[in-house]
Amino acid sequence: MSQRHVSFVGTALEPLSVITQLAKHQNAMYIILGATGHVGSAVAQSLLDQGESITVLTHDAQKGQMWQQKGATVAVADVHDTNQLRAVFQGGKRLFVLNPPAPITTNTVQEERNSVRSILAALIDSGIEKIVAQSTYGAQPGERIGDLGVLYELEQGLGKTGIPTSILRAAYYMSNWDIALATARQAGRVPTLFPPAFKLPMVAPRDVGTVGAALLREPVQQTGLHYVEGPQRYSSADVAAAFADVLGKDVEAVETPRDVWATTLQQLGFSEQAAESMATMTGITLDQTYELPEAPIRGTITLQAYITALVKSGQ
C-alpha cells in the first residue's frame, strides 16, 4: 500500500480517510492545480480578489502556507497519485489544470506525460463540471517536442472526458527571462537561443492567470480555444534593452548557435532527452511552424514593466 497521503496544511490525513475529510471542504468552488507557480498563483489570487472560495493543490505543504493565510484551502497531494487527485477534485466544481513541469534533469516528456495520464484518470467520477487548461502556443502532435506535444495530448485527452473545457494557449512566458537577470547584471549579457532580432509572442504570467480566472467563472457550457499574449511581440534584443534601461548599463543579447543548442542545454543541467526536446521545440518556434492567432487576447503588462518589476524584486 502506498505511503503517500493527502493532507491539508496543518492537518495530516490517513489515506483511507481522505475522501471523508475532503467532504468538509465542499465549499471550495474552484480548485487550482499548479497554484504555487507563476500562472497558477495568478489564477488563485485573481479568484480570491473576487471573493471566490478556492482550494490550491500543491505537493509542498510549506509552499501552501501563504495561501492558507490568504484564506484558501490548501490540499497537499502528489500529481502522480490518481486517487489523491480525484479525492481533491471531488471537493470542488471547477478546475484549473496546469501540468507541472518535470525537473530538467529527467526525461521531461516522459515524466510530464505520466502526470497528464494521472490528471485525466483522476477526472473520472470526480464531479468536476468545468475545466480551464493551461496550454501553449504551438501545441501540436509529435514526439520529443517538449511541451508542444505533451500539452497537445492534454488538450486531446480533456476533450474526451466529456467535461466542458476551455483551452488557454499562452505565448512564450516573459518569466523565461528571469534567469537572465544575473548575467545581465554581472556581465551585461542576455544568453538566448534565438537570433537577437527575432520577434515572438510573449506574455507575462500574471496576464495569463487573469484570463484563466475569467474563463473559470464563465458559464459551464461556454468553452473554446483561447490564445493570450502581451501587448506586442518582442525580441531577445528587446529583452536586453529592457534590462539595460532598468540596470543603467549596457546589456546585449548573445545568441547560442543552433548547432550547439542541445550540447549547451546539457551543460546547463538538462538531461540528454530534455535537451533534445527543448532544442526541437525551440526550432519549431524559430521556424514558426505553428499556428499564430490573428486576434489573441492581449494582456496589459509590457516587457519593460515585467523586467522592471523583476529587477526590483531581485535587489
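1. Over which residues does pLDDT stay under 50? That stretch is residues 1-26, where pLDDT is the predictor's confidence in each residue, from 0 to 100. The model has 43 contacts beyond four places in sequence for residues 1-26, a contact being heavy atoms within 4.5 Å.

2. A word on the ground rules. This is a predicted model, in which local features need pLDDT of at least 70 and side-chain atom pairs count only at pLDDT 80 or more, while totals for chains, interfaces and linings use all residues. Residues are numbered from 1 along each chain as its sequence is written, and side-chain values use heavy atoms, leaving out hydrogens and water. The protein's average pLDDT is 90, and 91% of the residues score at least 70.

3. Now look inside. The largest nonpolar core has 34 residues; such a core is a set of buried Ala, Val, Leu, Ile, Met, Phe, Trp, Tyr and Cys residues joined through side-chain atoms within 4.5 Å, with buried meaning under 20% relative accessible area (1.4 Å probe, protein chains only). Ile32, Val43 and Phe96 are among the members that touch the most others. Elements supplying at least two residues each include β3 (30-33), α2 (38-49) and α11 (272-287); helices (H or I, at least four residues) and strands (E, at least two) are DSSP runs, numbered from the N terminus.

4. Not counting residues up to four places away in sequence, Phe96 touches residues including Ile31, Val39, Val132 and Leu216. A second, separate core of 29 residues includes Trp177 and Phe198.

Terms used:
Buried means under 20% relative accessible area, exposed over 50%, partly exposed in between (1.4 Å probe, protein chains only).
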